[in-house]
Amino acid sequence: MEKKATRESYGAALAALGEKYDFYVLDADLAAATKTSVFAKKYPERFFNCGIAEGNMMSVAAGIAAAGKTVFASSFAMFAAGRAFEQIRNSIGYPHLNVKIGATHAGITVGEDGATHQCNEDIALMRTIPGMVILNPADDVEATAAVEAAIKHTGPVYLRFGRCAAPIFNGADYKFELGKGVTLKDGADVTVVATGFMVHIAMEAAEMLEKEGISARVLNIHTIKPIDDALLIKAAKETGALVTAEEHSVIGGLGSAVAEVVSAACPVPVLRVGVEDTYGRSGTVPALLEAYGLTKEHIYQKAKEAISLKK
Amino acid sequence: MDKETLSTLEGTAKRIRRGIIEGVYHAKSGHPGGSLSIADILAYLYTKEMHINPQNPKDDTRDRLVLSKGHTAPALYATLAECGFFSPEELKTLRKIDGRLQGHPDMKNIPGVDMTTGSLGLGISAACGMALVGKTEQKDYRVYAVVGDGESEEGQVWEASMFASHYKLSNLCVILDWNGLQIDGPVEKVMNPTPHDKKLEAFGFNVISIDGHDFEQIEAAFTAAKACTDRPTAIIAKTVKGKGVSFMENQVGWHGKAPNEEEYLLALKELQ
C-alpha cells in the first residue's frame, strides 16, 4: 500500500486549494517540516513566517480572522496546542474566530526527537475549548479532504497531522463529512474505535480477531469534536464492547470522548489503547509503537478483554 | 488646537470618566485606575482620529482599536457609549449576569469592540494581524493597540513588536499607557520593563513620548504616527493612574476596586 505522511498532505492541500479559496498561512519557523513551505512557494504574498514565537502567531491569526480573512496557523502540535494553548483559548476560541490550526508532528510517532516533541496531550487540551472542531485524519486522502472541510467550516478548527508515513487506504471516491465517523468494517462482537495513525493498525487488529472467529467492527473517528455520538451509541448497543485506539494519551483524547458518550447513553465496557500516563522517548516509529503499546497485537488483546467484560 | 476643540475634548473625556465611575460603581468591581488613565487618549482617538461607524460597527473600512490592556474595559465601554454604539445607561449593566458588557472586552456581543481581550499580551498581537491584513489587501484603515506598562512585562508584547517591525506595519500605532502602577505596586519595582523608548526603538518602532493627558501633544503624536509610512509607531504616554478623581490618582489600591457610595458621589462631583 502506498504511504504518505499526513503533514505532506497538509502542505499539498494548502497549495492546491490556494486558488479556489482566499486564505492566509502562518508558520513559526517550521514551514519546511509542517510543509506549509509548499504553499509559501506558490503563494508567497499570502504566507507569513512569524518566527519562533508561537503565542504571538496564534493571536496574530486571531487578528487576521477578525479582519475578515480565513487563516491557517502552523507549528508542531506541542508548540501549537501546548505552548500556545491560552492564546488559542482566549484569542481564537472565545471569540470563535475563523482560524485553522495546522498542527503537525503530533503524537509518539514524532520518533527520534523524543519526549519534548512528542505531543500526546493536544487532543485533550483542544477538546476543552468550547466550539473547537478537532480533525485527526488517518491518511493522505482523508487529510486532504479535512483541509478543505476546515476551510468550509466557519469557526476554529484544530487539524492534527503526523510526521511519519501512513498507508493510504481510502480511495479517490472517499467522501469526508465533518462530524461523521466512518464504518470501515462491520462486526458484531466488539467495536474498535480508532483515529488518525491508529486506524490502519485497528484494521489489522480486526483481521487478527476475524481469524479467531471474532467479528470486530472498525470505526474511523476523524472528527474528535464534535464526535459522532449516534455512530458510537449504535456500536455500543450492537456490539456491547468498545476498544479505542489513538496515538495520544489515554487521558482526555478519543478514549475519554468515547467513554463520555457511551457511559451516558449505553454503558458498555470501553477499554483504551493509547499512550499511558507517561512521557515518550527517542526511538524509531516501530520501536516506539511497540514500547508504548500501540500495535495491532495490543488492540487485539484489549478487544478480547473488552469482550470478556461484557455482561 | 483651537480653544473650542480643546474644550469639547475635555468635556468628552469627563463624560468618559463619569461613565467609568458609573460602570465600576454599579458593578461593585472592576478597574477604575487604568481606565481613568487612558480616558483622554480614547476621547481623542474615537472623536477626532479614528474613522468609525456606530451605525455599522463592523464596517470593513473602519479604523480598529484593540484594548490590549483589556481590564480597562470600563474606559472602552464609556467611550463607545459616548460615540453612540450603545446607550450610556447600559454602562450600569457592566459585569452583570444578564448584561452584555463583560468584565473584559467581548467582540462577539458588544457593538464597537474590535477584539476580545483580557489576557495580557494577546491584544497587541491581534492588532498586528489586523494591520497585516490591511497592508496586504491595500486597505487604508489604521489599527490602534493600547498596551499597559505592566502588560509590557509579558514576553508576547515583544514577540508582537518584533512582528510589527518585521512586516513594517506602518498602519499600526501602539499606545503604551505609562501610568507607573500595576497590581502589586510601582511597575519599576515589581519587574522593571524600562526603558520603553530605547527598547521600542531597538525593536524598530517610530517612538514618540508624550504627556497622555495633554490633548495638543496627543494630537501631534497621532498626526506624526500617520505621517510615518515605513514602520510602526509607538506612543509612550505618560499618564496618571486614576486621573481626574483626586483620591484615586497614583494610588495602587485603585487598580481593581470599586468605589463605595460616598466615594462614587465624590468622584462624580469632581468630574462635573
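## Helix 5 of chain B

Let's start with a quick length check: the 15 residues of helix 5 (residues 122–136) of chain B should span 21 Å at 1.5 Å a residue, and the end C-alpha atoms are 21 Å apart, which agrees. The expected span here is 1.5 Å times one less than the number of residues. Helices (H or I, at least four residues) and strands (E, at least two) are DSSP runs, numbered from the N terminus. Helix 5 of chain B is mostly covered, with 13 of its 15 residues buried. A residue is buried if 20 or more other C-beta atoms lie within 10 Å of its own, exposed if 12 or fewer, and partly exposed in between, with C-beta atoms placed from the backbone. Just after this helix, B:Gln138 takes a positive phi of about 55°.

This is a predicted model, in which local features need pLDDT of at least 70 and side-chain atom pairs count only at pLDDT 80 or more, while totals for chains, interfaces and linings use all residues. Residues are numbered from 1 along each chain as its sequence is written, and chains are lettered from A and ligands numbered from 1 in the order in which they are written.

## Two spots in chain B

B:Ser35 sits in helix 2 (residues 32–37) of chain B. It counts as buried because it has 32 C-beta neighbours inside 10 Å. Not counting residues up to four places away in sequence, B:Ser35 touches B:Ile20, B:Thr72, B:Pro74 and B:Ala75; contact means C-beta atoms, placed from the backbone, within 7 Å.

B:Ala258 is in the loop between strand 7 (233–238) and helix 10 (261–270) of chain B. With 19 other C-beta atoms within 10 Å, B:Ala258 is partly exposed. Leaving aside neighbours within four places in sequence, its contacts are B:Val24, B:Tyr25, B:Ala27, B:Lys28, B:Ser29 and B:Gly30.

## The two domains of chain A

Chain A is assigned domain 1 (3–167) and domain 2 (182–308), with bounds from an automatic or database domain assignment. Their centres, taken over C-alpha atoms, are 25 Å apart. Across the boundary, 27 residues of domain 1 are in contact with 29 residues of domain 2. On the domain 1 side, helix 7 (122–127), strand 6 (133–135), helix 8 (140–152) and strand 8 (165–167) each supply at least two residues. That side divides into 14 nonpolar, eight polar and five charged residues. Here Ala, Val, Leu, Ile, Met, Phe, Trp, Tyr, Cys and Pro count as nonpolar, Asp, Glu, Lys and Arg as charged, and the others, Gly among them, as polar.

Over in helix 11 (residues 254–265) of chain A, the buried residues are A:Leu254, A:Gly255, A:Ser256, A:Ala257, A:Val258, A:Val261 and A:Val262. They pack against several elements of chain A, including helix 7, strand 10 (190–194) and helix 10 (229–239).

## Where the chains meet

Chain A and chain B each put 23 residues into their contact. On the chain A side, helix 4 (54–66) and helix 6 (85–93) are the elements that give two or more residues, and helix 4 of chain A has the largest share, nine residues. The chain A side divides into eleven nonpolar, ten polar and two charged residues.

Helix 4 and helix 6 of chain A also pack on each other, at an angle of about 10° with their axes 9 Å apart. Axes are lines fitted to C-alpha atoms, for helices over the stretch in contact, and angles run from 0 to 180 degrees between N-to-C directions. That makes helix 4 of chain A roughly parallel to helix 6 of chain A; angles under 35 degrees count as roughly parallel, over 145 as roughly antiparallel, 65 to 115 as roughly perpendicular and the rest as oblique.
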